[in-house]
Amino acid sequence: MQKTVLAIIGSYRKGGIIDHAVDAVLKGCRDKGMLTKKIYLLDKNIEFCTNCRLCAGSDPDAKRGRCVHNDDLAEILDQVDAADALVLASPINFFTVTALTKRFVERLIVYSWWPWGAKIPKYRISRPGKKAVLLTSSACPAFIGRILMPSSLKILKAAARCMGAKTVKSIYFGMIAQKENQ
């Protein structure tokens, strides 16, 4: 059966650096016979998490809880659940992933079991069965960015884990966007 790779892109610019990097990863996947798909968070309606935790306290045996918001998240997560591998990509804005990405990541609590009264959440997917590649970019040199802005890759890695994926590669592009509109 053909494997599917789903890319989730948290950039504000289609056709920008992150988009090109995702295209290169997905081309490599297609060259190996995999199906690929891209989701631009920019095009999706994703509400803010209100921390009501209804999703985290419902049905402990479900793969994910059901959020009270009626937006595009469930559709996205259906595609995540059906994929064999993920590519998570976001440029870095003010030392972390974009707000688009952060809004999406905060809603991933649906993949946890955390009823009120429990001290800590537990993953609903106990063993990661998917693989994930993480992509970030910033205008500063990559080695400095990894030291000064480590939260972006940590957030993407945590997001991948919530969705049942183990990070197999993280790529940080530095010295990007040295000119306007790159």
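**Reading the labels: exposure, pairing, patches and salt bridges**

Biologist: Why is K166 called exposed?

Modeller: K166 has a relative accessible area of 56%, and exposed means over 50%, whereas buried means under 20% and partly exposed lies in between (1.4 Å probe, protein chains only), so K166 counts as exposed. The model is a predicted one, in which local features need pLDDT of at least 70 and side-chain atom pairs count only at pLDDT 80 or more, while totals for chains, interfaces and linings use all residues. Residues are numbered from 1 along each chain as its sequence is written, and side-chain values use heavy atoms, with hydrogens and water left out.

Biologist: What makes K3, K131, K157 and K166 a patch on the surface?

Modeller: These four lysines gather in a patch of positive charge, and Lys counts as positive together with Arg, while Asp and Glu count as negative and His and the chain ends are not counted. A patch takes residues with over 30% relative accessible area and no salt bridge, joining like charges within 9 Å and nonpolar side chains (Val, Leu, Ile, Met, Phe, Trp, Tyr) within 5 Å. The place of a Lys charge is taken as NZ. K166, with its 56%, passes the area limit, and K166 is found in strand β8, residues 165-173.

Biologist: What makes the nonpolar surface patch, and where does I147 lie?

Modeller: F94, F95, F143, I147 and L148 make a patch of about 660 Å², an area that comes from the Shrake-Rupley method with a 1.4 Å probe. I147 lies in helix α5 and has 64% relative accessibility, so it counts as exposed. F94 reaches a relative accessible area of 76%, and is therefore exposed as well. F94 is placed in the loop between β3 and β4 (96-97), and its phi is near 50 degrees, a positive value in a residue other than glycine.

Biologist: Why is I144 called partly exposed?

Modeller: I144 has a relative accessible area of 30%, which means that the label partly exposed applies. I144 is found in helix α5, residues 142-148.

Biologist: Why does R53 count as buried?

Modeller: R53 has 9% relative accessibility, and therefore counts as buried. R53 lies in the loop between β2 (35-40) and α2 (54-57), and has a positive phi of about 60 degrees although it is not a glycine.

Biologist: How do you know that K38 and D19 meet in a salt bridge?

Modeller: A salt bridge is a side-chain nitrogen of Lys or Arg within 4 Å of a carboxyl oxygen of Asp or Glu, and the K38 and D19 side chains are 2.7 Å apart, N to O, so the pair qualifies. This pair links distant parts of the chain, with K38 in strand β2 and D19 in helix α1 (residues 17-31), 19 residues apart. K38 is partly exposed at 26%, whereas D19, at 6%, counts as buried. A search of the whole structure finds nine salt bridges.

Biologist: What makes the pair of D81 and R64 a tie between parts of the chain?

Modeller: The side chains of D81 and R64 meet in a salt bridge at 2.4 Å, N to O. D81 lies in helix α3 and R64 in the loop between α2 and α3, so the pair ties together parts that are 17 residues apart in sequence. Both D81 and R64 are buried. In a separate group, salt bridges that share partners join D19, D23 and K38 into one network.

Note on methods: Helices (H or I, at least four residues) and strands (E, at least two) are DSSP runs, numbered from the N terminus.
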